[in-house]
Amino acid sequence: MAEGRPPAPEIERWGVLEFYSGIGGLRYSLERATVRATVVEAFDINDVANDVYEHNFGHRPYQGNIQTLNAADLDRYGAQVWLLSPPCQPYTRQGLQKGSADARALSFLTILELIQYMSKPPVMLFVENVVGFETSDTHSMMVELLEKADFVTQEFILSPLQFGVPYSRPRYYCLAKRKPSSFKHPQFNNKLLSTADLLVGDTGAKSSASFEGKASVDNEKFLQHCAPIETFLEFEQSAELADDQRSMYLVPPSLIQRWGSAMDIVYPNSKRCCCFTKSYYRYVKGTGSLLAAGEQGDDNDKASSLRSQRLRYFTPREVANLHSFPANFRFPSHITLKQRYALLGNSLSVAVVASLLQYLFEDCNSDQISEFK
């Protein structure tokens with residue numbers, strides 16, 4: 001800086017509240033989106049997840065019951081943006097699908113209800129959950145509350161496969177802006193979309209008819225653009241591993257014999273793997289893909305082929321890579337292997353959320369921040 005020249009004024013940043021922060025997927029997505037924003041506070045009741053969050057960001061999320069917060073409490077944070085990834089168990093296919101009757105849905109609805117009583121309500125919201133949330137009564141209540149608070153919404157069901165990541169994990173997303181703010185493509189307000197076109201380029205009315213209102217993602221057409229799984233691996237399949245590593249990640253022969261026909265087996269050159277759930281590593285059926293070291297064997301003798309494939313679990317680092325977590329993401333040493341898999345299974349795709357956040361913040365510049373304070 002030249003002598004005598006006053007420093008340039010600091011550009012204002014959006015203040016963000018991160019609800020249900022988990023291991024930091026939303027915050028990493030915010031960073032990847034490269035918007036000028038600062039997380040004012042994070043909230044999560046999971047002590048183990050908060051250990052991981054604190055380890056990576058140097059700040060421990062608020063661990064109290066967010067249902068005890070009132071409108072004045074939220075006003076004091078002065079945050080213009082809310083990011084929310086509420087519990088998905090009330091809406092999963094494997095669960096009871098009790099929706100708003102599930103106690104785990106209550107805190108989410110309680111927080112949204114407070115918006116109408118705030119003197120400085122947020123101007124943008126982002127909500128992430130499982131596919132199925134969009135048909136729940138909780139979703140209907142959310143939409144009603146947002147409309148009452150003068151928000152317009154655009155909703156998506158997207159998969160990392162649409163962003164070049166070989167990971168089949170379709171999720172529901174809601175983006176909301178409070179009037180007079182608006183989206184770049186207002187013709188899609190209050191619509192449910194399954195395209196990423198809005199996030200990567202301009203979309204005309206002609207193409208909109210092909211995806212408006214769809215609630216599913218055609219994965220097959222995206223595979224040709226995905227990178228192979230080998231680019232997300234922590235170590236090469238041919239590399240020599242220490243005995244403790246090999247025994248830690250190899251699938252026991254007894255499980256192969258019992259569940260081999262139900263396993264999802266992928267290879268280093270595969271361009272798709274199944275969603276990893278919080279039960280990965282505890283169970284092998286329906287919890288995520290397993291990696292085979294060699295070439296695909298004889299389909300007519302699958303049992304014999306699998307026994308020779310040296311099947312192994314994806315490591316936590318590899319699962320994090322497929323979630324598009326940055327290379328500097330780390331688990332504290334005291335977090336057990338099963339805890340790591342469980343935390344990752346409850347997390348989100350940073351690649352997808354970052355693109356959605358870029359779109360959410362589009363056409364919102366730092367000059368507008370002061371208008372919302």
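How many helices and strands are there in the protein? There are 13 helices and twelve strands. Both are DSSP runs, numbered from the N terminus: helices are H or I with at least four residues, strands are E with at least two.

## Basis of the model

This is a predicted model, where local features need pLDDT of at least 70, side-chain atom pairs count only at pLDDT 80 or more, and totals for chains, interfaces and linings use all residues. Residues are numbered from 1 along each chain as its sequence is written, and side-chain values use heavy atoms, with hydrogens and water left out.

## Overall packing

The protein has 373 residues, and 54% of them are buried. Buried means under 20% relative accessible area, exposed over 50%, and partly exposed in between (1.4 Å probe, protein chains only).

Contact means heavy atoms within 4.5 Å. Among contacts between residues at least 6 apart in sequence, 71% join residues at least 24 apart.

## Two sheets

Strands of a sheet pair through backbone hydrogen bonds, either parallel or antiparallel. Here two strands pair if DSSP finds at least two bridges between them.

Strand β5 (residues 151-158) runs parallel to β8, and two bridges join them. F156 stands opposite L193 in β8.

Another open sheet has three strands, ordered β9-β11-β12, and its pairing is also mixed. β9 (265-266) and β12 (312-313) are the edge strands, each pairing on one side only. β11 and β12 run antiparallel, joined by two bridges. L290 stands opposite Y313 in β12.

## Nonpolar cores

A nonpolar core is a set of buried Ala, Val, Leu, Ile, Met, Phe, Trp, Tyr and Cys residues joined through side-chain atoms within 4.5 Å. The largest one has 78 residues, and F126, F156, Y173, L175, F314 and L356 touch the most other members. Helix α13 (residues 350-361) gives the largest share, ten residues.

Take L175. Leaving aside neighbours within four places in sequence, L175 is in contact with residues including F126, F156, F183, L356 and Y359. Apart from this core lies another, of 32 residues, among them Y20, L84, I115 and L125.

## Aromatic rings

Rings of Phe, Tyr and Trp (its six-membered ring) pair if their centres lie within 6.5 Å; planes under 30 degrees apart count as stacked, over 60 as edge-to-face and the rest as tilted. This rule gives 23 aromatic pairs. Y281 and Y341 are stacked, 5.1 Å centre to centre with 20° between the planes. Y281 lies in the loop between β10 (273-274) and β11 (290-291), and Y341 in helix α12 (residues 337-345), so the pair ties together parts that are 60 residues apart in sequence. Both Y281 and Y341 are buried. F325 and F329 pair edge-to-face, at 4.9 Å and 65°. F325 and F329 are both buried.

Y281 and Y341 also belong to one aromatic cluster with Y167, F276, Y280, Y313 and F314. A charge meets a ring elsewhere: the charged end of K177 sits over the ring of F183, 5.1 Å from its centre. This requires NZ of Lys or CZ of Arg within 6 Å of the ring centre and within 35 degrees of the ring normal.
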